[in-house]
Amino acid sequence: LIATLWGCGMMAASPKPKWQSTAAYIALCMNVHLLIPFAIDAFTIRAHVLSRHSPPSPSRPSPLQLSAGINPNDMEDDDQRKQRMEMVKQIQKTFYADSTGIIKNNLKTKFEDVPMWRVQWSELPGYQNVLNVHVAHYTHMFQGVLNSGDEKKYFGHIYLEGGSENLNNPDYFLCQPPETRTETGVTHSGTLMKVCDHVQLPDGRLAIVSQAMCKFSVLSVSQNIPYAIAEEIQLEYDEELIKQFYPLALQLTANSPGIEEENVHHIAWEAARIAAHNEALHWEEFEFCPVSITGDIISVSPVANFDAKKIPPNDFDAKAVIESFLQSIESSDALPVFPSAPSAVDDADVNDMKSNVLELERQVWISIDYLIQLLGLLAPSNQIPIPTQLLGLLPSNPAENWPQGFKLHHYTDNLKKDKNALVGTSTKTPFVSVDADCPKYPDLRRAQRLSFAVWVLLDTILAGYGQTTRQSLLELDSVAERLQTALRGFNAVNEALKNSVGQIAPSTQGVVSSDESVEDEESWWQ
């Protein structure tokens, strides 16, 4: 009761530091459901005390006897619980009325005051999940996120070894000073998540449907407990997605009269980063089909589907974005500090880079097709499921034709012909062939999406695959590196399956040689 009264007092105090608001609300949440039994017990004790001095009046009803170990909420019927939860929600809305979320800025790749969901697994961009939020500090955190406006419901997902049990351990705090930092392997790389839908369950828990948008790095924090808040995060984009804009950015920066020559390369690289950021914003609604909670079963398919209804009507204008950024630099009072620029990249380098990525993408698809055919040989009487969540990313016109015996494109063609085709496991959405439904969708973005989404297969078929490995994938800053990692995994599995089958699968053209497969298999399983 004392903690509850203190919590109410702290909530009424204005102005109040962040820690007081947080502690006050948690105190209130943890104790408000105990008010009723405490009040009843107090009344019962008072009745017993009075009864020792005077006999009870015959007309007075006997005092209510209730064990202190019983929560009256457990005796509610459905209507009473629903009514109580509506009252709780109204209190929550009042308390969180001044919550502010984060707003995406097309000229900035940094966000401020981002709440961190630190748990014992990693999430990859392009995935979606249902979060079960039940502990007090995270319920408090997400209530702030959920009441911050429709366009600002973002939070950070970041891996923490051991999850909540290490949340209060100083050895696992984010952004510790170098002199006090321990070798706990605390990661500062995570995934920016967007809330699609949520529901508050009758017992107060939150079920939150979230989608993983892009990678980020934590630059600084304002607090670590009871949950972490990043004072500033930097959105991270793969080097190929930045480099593709660098030649144009370098040309426009060099011709900008207000920029000195010694700063050209640094500013050009940042301009290319801003272009990559805006390209992601341009395609965001197409790349992430929204998911809503329907019915009593709350679950979603692990990989987000595309939304053919949200194809941007206009082409992405990288030149306009870069020019707008350069104008903001010229008009600023002081030149911002930008990271060091890599070695110079010209148009020929960009073309070679794209060719390399797209060839790796093609090899990954050949390995997936090879895997499915090998599984068919091992179980000829069973129908091998085709990963329809991935088939929408299959290139319609690869730079080099598919090898003889390749079959996946036939499944894709059948899905494209069926106008009522739905994909997904828990959540069903219309099948979208990226190349067919949106021919102007960038090849590099398609390959990047595959480099993450393909792990929905590898997570399942690789025995002993751990979350630390998924975190290492997230920290790779190259589409080509992730595709190479996936290719090594598929080659190792295919080699093992081929040995089990005892014969060569129907198609081996385009797959790496057996010698290379054996070498990759050994390094992969290590």
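Trp117, Trp121, Tyr138, Phe142 and Phe155 form one aromatic cluster in this predicted model. Rings of Phe, Tyr and Trp (its six-membered ring) are paired if their centres lie within 6.5 Å; planes under 30 degrees apart count as stacked, over 60 as edge-to-face and the rest as tilted. Across the whole structure, 12 aromatic pairs are found.

In one of these pairs, the ring centres of Trp283 and Tyr441 are 5.2 Å apart and the planes stand at 90 degrees, so the arrangement is edge-to-face. Because Trp283 belongs to helix α8 (residues 264-287) and Tyr441 to the loop between α13 (434-437) and α14 (443-453), the pair ties together parts that are 158 residues apart in sequence. Helices (H or I, at least four residues) are DSSP runs, numbered from the N terminus. Phe306 is buried, with a relative accessible area of 6%.

Charged groups also lie over rings, a term that requires NZ of Lys or CZ of Arg within 6 Å of the ring centre and within 35 degrees of the ring normal. Arg449 is placed over the face of Phe288, at 5.0 Å from the ring centre, and the charged end of Arg470 sits over the ring of Tyr127, 5.1 Å from its centre.

Residues are numbered from 1 along each chain as its sequence is written. Local features need pLDDT of at least 70, side-chain atom pairs count only at pLDDT 80 or more, totals for chains, interfaces and linings use all residues, and side-chain values use heavy atoms, with hydrogens and water left out.

Definitions and conventions: Helices (H or I, at least four residues) and strands (E, at least two) are DSSP runs, numbered from the N terminus. Buried means under 20% relative accessible area, exposed over 50%, partly exposed in between (1.4 Å probe, protein chains only).
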